[in-house]
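Subject: A structure to look through

Dear colleague,

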Amino acid sequence: MNERLKMVLKKKYEAEIEDAKYKIECYSQQELLIPDHADITGEVDKLLHQIGHAEEKMAVIELHYGEKKAKEIL
């Protein structure tokens, strides 16, 4: 995987994490609750899953395509 592609994917996953964190923050402020989303715990659970999934993808990239992997090949 080339460095540019790796960087773009990491930024995508970082953006997904920040988006989920922001939404969780909004849900935690009662004045920003949306009536259609009455199941706050369910919504936050989905967002935490989104964070975990993005972090897992970043870890896989680092494990298989990070600098340590390149050094092992050499």
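What pattern does the chain follow when it is read along the sequence? The pattern is α-α-α, and the secondary structure comes to 3 helices and 0 strands. Please bear in mind throughout that this is a predicted model.

Taking the chain as a whole, 20% of its 74 residues count as buried, and the chain exposes about 6000 Å², of which carbon and sulfur atoms supply 57%. If you consider the contacts in the chain with a separation of 6 or more, you will find that residues 24 or more positions apart account for 68% of them.

Helix α1 covers residues 3–28, which is 26 residues, and from its first C-alpha to its last it reaches 37 Å, close to the 38 Å expected at 1.5 Å a residue. At the start of this helix, a side-chain oxygen of Asn-2 comes to within 3.1 Å of the backbone nitrogen of Arg-4.

Which residues of α1 are buried? They are Lys-6, Leu-9, Tyr-13, Ile-17, Ala-20, Cys-26 and Tyr-27, and the buried residues of α1 pack against α2, which runs over 40–65.

Lys-6 deserves a separate look, and it lies in helix α1. Why does Lys-6 count as buried? Lys-6 counts as buried because its relative accessibility is 7%, and the cut-off for buried is under 20%. Once its neighbours within four places in sequence are left aside, Lys-6 is in contact with Met-1, Ile-61, Tyr-65 and Gly-66.

On the other helix of this pairing, Gln-50 is found in α2. Setting aside its neighbours within four places in sequence, Gln-50 is in contact with Glu-16, Asp-19 and Ala-20. Of these, Ala-20 is also among the buried residues of α1, while Asp-19 is 31 residues from Gln-50 in sequence and 9.4 Å from it in space, C-alpha to C-alpha.

Technical notes: Residues are numbered from 1 along each chain as its sequence is written. This is a predicted model: local features need pLDDT of at least 70, side-chain atom pairs count only at pLDDT 80 or more; totals for chains, interfaces and linings use all residues. Side-chain values use heavy atoms; hydrogens and water are left out. Helices (H or I, at least four residues) and strands (E, at least two) are DSSP runs, numbered from the N terminus. The expected span of a helix is 1.5 Å times one less than its number of residues. Buried means under 20% relative accessible area, exposed over 50%, partly exposed in between (1.4 Å probe, protein chains only). Contact means heavy atoms within 4.5 Å. A polar contact is a pair of N or O atoms within 3.5 Å; within protein, one must be able to donate a hydrogen and the other to accept it, and residues adjacent in sequence count only if both atoms are side-chain atoms. Accessible areas come from the Shrake-Rupley method with a 1.4 Å probe; for residues, only the protein chains shown count as cover.
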